[in-house]
Amino acid sequence: MAPVIELEGVSFRYRVGSDRWILNRLGLTVMAGEYVLLCGASGSGKSTLACLLNGLIPHLIEGELRGSIQVAGTSPSACQVADFLDRLGLVLQHADAQLFNSRVDAEIAYGLESLGRAPEEIDERLHAIARRFAIEHLLERSPDTLSGGEKRLLALAAVLVTGPPIVVLDEPFAHLDQVHAARLCQVLQQLHLSGTTLVVIEQRVEAVLPDVDRCIVLEGGRAVYAGRPREAGEMLLRRHLIPSYPVRRVLPAPAGEPVLEARGLTCRLGGQALFRDLSFGLDAGRISALVGPVGSGKTTLIRALLGLTPLAAGEILLAGRRVNGQAPEQLAAAIGVAFQDPNDQFFTSRVEDELAAGSRALGRLDPLWMEQLCRRLDLDRLATQSPYRLSEGQKKRLSLAIALAARPRLLILDEPTVGQDGRCLEQLAGLILELADRGLAVLVATHDRNFARAVADKTISLDSVEPLPAEAAGSEAAVAG
Amino acid sequence: MSIDPRIKLLVGLGLVAVIPALQRLLPLAALNLILVLGLWSSRRNRGLPSPLRLGLPMVGLVFAVSAVSFDPATAALASLRLLGLLLAAGALFQSMAPEQFADGLRLFHLPYPLVFVVTTSLRYVPLISGRLKRIMEAQRCRGIDFRLRLRNLTKVTALLLPLLVQSFLLAEHLAMAMESRGFSRKGRSRRRRYRIQPLEYLLLGAVLGALGGLLWWDRNPLC
C-alpha cells in the first residue's frame with residue numbers, strides 16, 4: 001500500500017507571533033485504503049489537521065504553517081481548495097453550515113455540478129448514493145426539516161457522491177443516537193471495504209474504535225500514539241480519552257414530596273402525539289436520566305417543563321404547586337437549565353458578568369455563592385476572560401454555573417455530553433453527582449447511554465428501543481405511553 | 001406543468017415594474033385581489049408566505065404614517081403598492097425553490113458567485129430566525145425578561161450579541177463547506193436543463209399583455 005497522506009514536521013499556529021502552536025512538528029502517514037481513527041482531547045489540533053488536509057488552511061484560514069504536507073501526491077497549499085474536491089472529501093463538524101441548499105437532492109448534486117458533470121450522470125449518481133444511504137424518501141425535503149442523524153448522513157452522502165478516494169470526517173458521531181451511530185458505522189465499514197481511505201476524527205472513541213485499522217492519538221499538536229486499536233484501549237483510558245466514571249451511589253428510596261412531579265403529560269407536535277400520558281417525579285438529591293433516540297421528544301419534554309412548549313394534557317407540579325402555563329421567567333428561580341449549545345446564552349465580555357446576569361435579573365444575586373461556584377467549577381482564573389474565548393469544556397462548565405447561579409431546586413441539562421472529550425465527561429459526571437449530594441434534583445437528557453448509566457439513579461425512557469440494564473436503571477422507571 | 005424559471009422571473013419583473021407605476025386605487029386593488037386569489041389557491045391550509053407575514057405590519061405602518069402626513073387616499077395608494085410588491089414577492093418565491101431561482105438568474109448570465117449569495121441568503125433566513133428564537137428561549141430560562149417594557153430595552157443585547165457571534169461563525173463554516181464542495185471551481189454544470197416551451201412564451205405574452213392592459217386602464221379611466 002502506498003501512502004496517500006504524508007505529514008512531515010508540520011507546525012501551525014493561528015496567529016503569527018503567538019506562542020501556542022496548535023500543531024507542533026507533527027509527523028503522520030496514512031496508507032491507501034486505511035481506516036484511521038484520529039482522537040485527542042479538545043484543543044489537541046484534530047480539526048485543524050482536517051482543515052490542513054484539503055487546503056482550507058492556508059487558503060481560507062490564515063496562520064503560520066511550516067513543514068511538508070502531501071495528500072494524494074499533491075501539496076494542498078499548492079492548489080485551490082475547490083480543486084481538491086475529487087481527491088479528498090471533507091465532512092465538517094457543523095451540519096447546519098454544510099447543508100446550504102434548499103432541497104436534499106440539490107445538496108447531493110452540488111459537488112457533481114462543481115465538477116461539471118452532465119445532468120444524466122448527476123441524476124444517476126445522486127439516486128445511487130441516496131439508495132446506498134437509504135435516504136431516497138428525503139430527496140425532495142428541505143435539509144432544515146431533517147433530524148440530526150439524517151442531516152449527518154446527508155452531509156456524508158453529499159461529499160461521497162463525487163467519489164473521492166480519501167474521506168475525512170470531523171466528529172461525525174457527535175449528535176447521533178445509538179441507532180444512527182450504528183448506521184453510520186455500517187456505512188463507513190462499507191466504504192472501507194470498497195477501498196476508500198478513511199480518517200475519522202472523533203471524541204466518542206468507543207463508537208468507532210472496534211472498526212478501525214489504526215488509532216492515532218494527538219496531544220499538544222503531536223502524535224503521541226499510533227497503533228492497533230486493540231492495544232490502544234488502556235492508553236486511551238489512561239489519557240482520559242475514554243471516560244472512566246465514578247462508582248454509582250446506592251441510595252435509599254426517596255422520602256418526601258418530589259421537587260417536580262409530572263402527571264399524565266401529553267404533547268403533540270404537528271397533530272401527532274410525541275409522548276402520551278407520561279408521569280414521573282424528580283426528587284431532591286436524585287439524578288434522573290431522560291433517554292431516548294433523537295426525535296423521541298426529550299427536548300420537547302424539557303421545553304414543556306420549562307414552560308416553553310404548551311402541553312396537550314397533564315399537569316406539572318413544582319414543590320406541590322401547579323405551574324402549567326407559567327412563563328419561563330417565572331420558573332427560572334426554581335429551575336436552572338443548561339441547553340445544548342452554551343453559545344446561545346453568552347452576551348457579556350467577561351465570565352463573571354455572564355455568571356451574574358441571570359441571578360441579577362431575578363433579583364437573587366449572591367456574590368458569595370458566585371465566588372463558591374466559580375471556585376468549584378474552576379472558573380475563578382477565567383473570571384475576566386471573554387466567554388467566547390473559552391474552550392468547549394470551559395464553556396460547558398460556565399453554562400452549568402449560569403444554570404446554578406440563582407440557586408435553583410431543580411437542574412436540567414440538555415445533552416451535556418455533546419462535543420465533550422473524555423476528561424470533560426468525567427468532570428461533568430463528578431460535578432452532577434456532587435450537586436445531587438447537596439440536595440439538588442437533577443434531570444439529564446442524553447443519548448449517551450454510558451453517561452446516563454454512570455450518573456443516573458433512575459431513567460425516564462421515551463422509547464423502549466434500547467432500555468438501560470435493570471441494575472443501572474435504578475429504583476424507578478417512568479411510564480411512557 | 002413546470003414553468004421555466006426565466007418566465008417566472010420575467011413575470012415577477014413585470015409585476016415589480018407595473019405595481020409602482022399604477023396611480024389609481026381601483027386598478028391597484030384589482031391587481032392585489034388577483035395576487036391574493038392566486039396565492040390563496042396555491043397555499044390552502046398553509047397560511048401566509050413569510051415575506052407577507054413579516055411585511056404586513058409594515059403595510060399598516062405605511063398607511064398610518066401616510067394618512068397622518070398626507071391624506072387617506074394617498075395612504076391607501078402607498079400601502080396598496082407595498083402590499084402588491086409583497087404579494088408579488090410571495091407569489092414568486094412560492095412558485096420556485098431557491099435553486100430554481102438561482103438557475104433562472106444564471107440563465108440570464110448573472111455571475112454565479114452573485115447568484116449564490118442571493119439564494120443562500122434566502123436559504124439562511126429561516127435558520128437565523130430559528131437561532132434567534134432559541135437564544136431568546138435560553139435567555140428567558142435564566143430569568144431575562146424580554147416583554148415589551150421600556151426597562152427591558154437594554155436587554156436586547158442579550159439577544160443580538162449571541163446572534164451576531166453565531167452568524168459570524170455560521171458564515172465562516174459556510175465558506176469552508178462551500179469551498180470544500182467546489183464553489184469557486186471553474187466549469188460548473190447544472191443538474192436541470194431548461195427549455196422554454198411555446199406555451200410558456202404564450203403565457204408570458206398573456207401576463208405581460210394583461211399588465212399592459214392594467215396600465216392602460218389606470219391611465220384611461222372607464223369607471
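**Notes on chains A and B**

1. Starting with burial in chain B: 26% of its 223 residues count as buried. Keep in mind that this is a predicted model.

2. Secondary structure in chain B is quick to describe: 8 helices and 0 strands. Going along the sequence, the pattern reads α-α-α-α-α-α-α-α.

3. On overall dimensions, chain B has a radius of gyration of 22 Å, whereas a compact globule of 223 residues would come in near 17 Å. Along the principal axes, the C-alpha atoms of chain B fill a box of roughly 65 × 55 × 30 Å.

4. Over to chain A, which splits into domain 1, covering 3-238, and domain 2, covering 260-473. Taken over C-alpha atoms, the centres of these two domains of chain A are 32 Å apart.

5. Where the two domains of chain A meet, 13 residues of domain 1 are in contact with 16 residues of domain 2. On the domain 1 side, helix 6 (148-160) and helix 7 (178-193) of chain A each supply at least two residues. Helix 7 of chain A gives the most to that side, with 3 residues.

6. Which kinds of residue make up the side of domain 1 of chain A that touches domain 2? They divide into 9 polar, 3 nonpolar and 1 charged.

Technical notes: Residues are numbered from 1 along each chain as its sequence is written. Chains are lettered from A and ligands numbered from 1 in the order in which they are written. This is a predicted model: local features need pLDDT of at least 70, side-chain atom pairs count only at pLDDT 80 or more; totals for chains, interfaces and linings use all residues. Helices (H or I, at least four residues) and strands (E, at least two) are DSSP runs, numbered from the N terminus. The radius of gyration is taken over C-alpha atoms; the globule rule is 2.2 Å times the number of residues to the power 0.38. A residue is buried if 20 or more other C-beta atoms lie within 10 Å of its own, exposed if 12 or fewer, and partly exposed in between; C-beta atoms are placed from the backbone. Domain bounds come from an automatic or database domain assignment. Two residues are in contact if their C-beta atoms, placed from the backbone, lie within 7 Å. Ala, Val, Leu, Ile, Met, Phe, Trp, Tyr, Cys and Pro count as nonpolar, Asp, Glu, Lys and Arg as charged, and the others, Gly among them, as polar.
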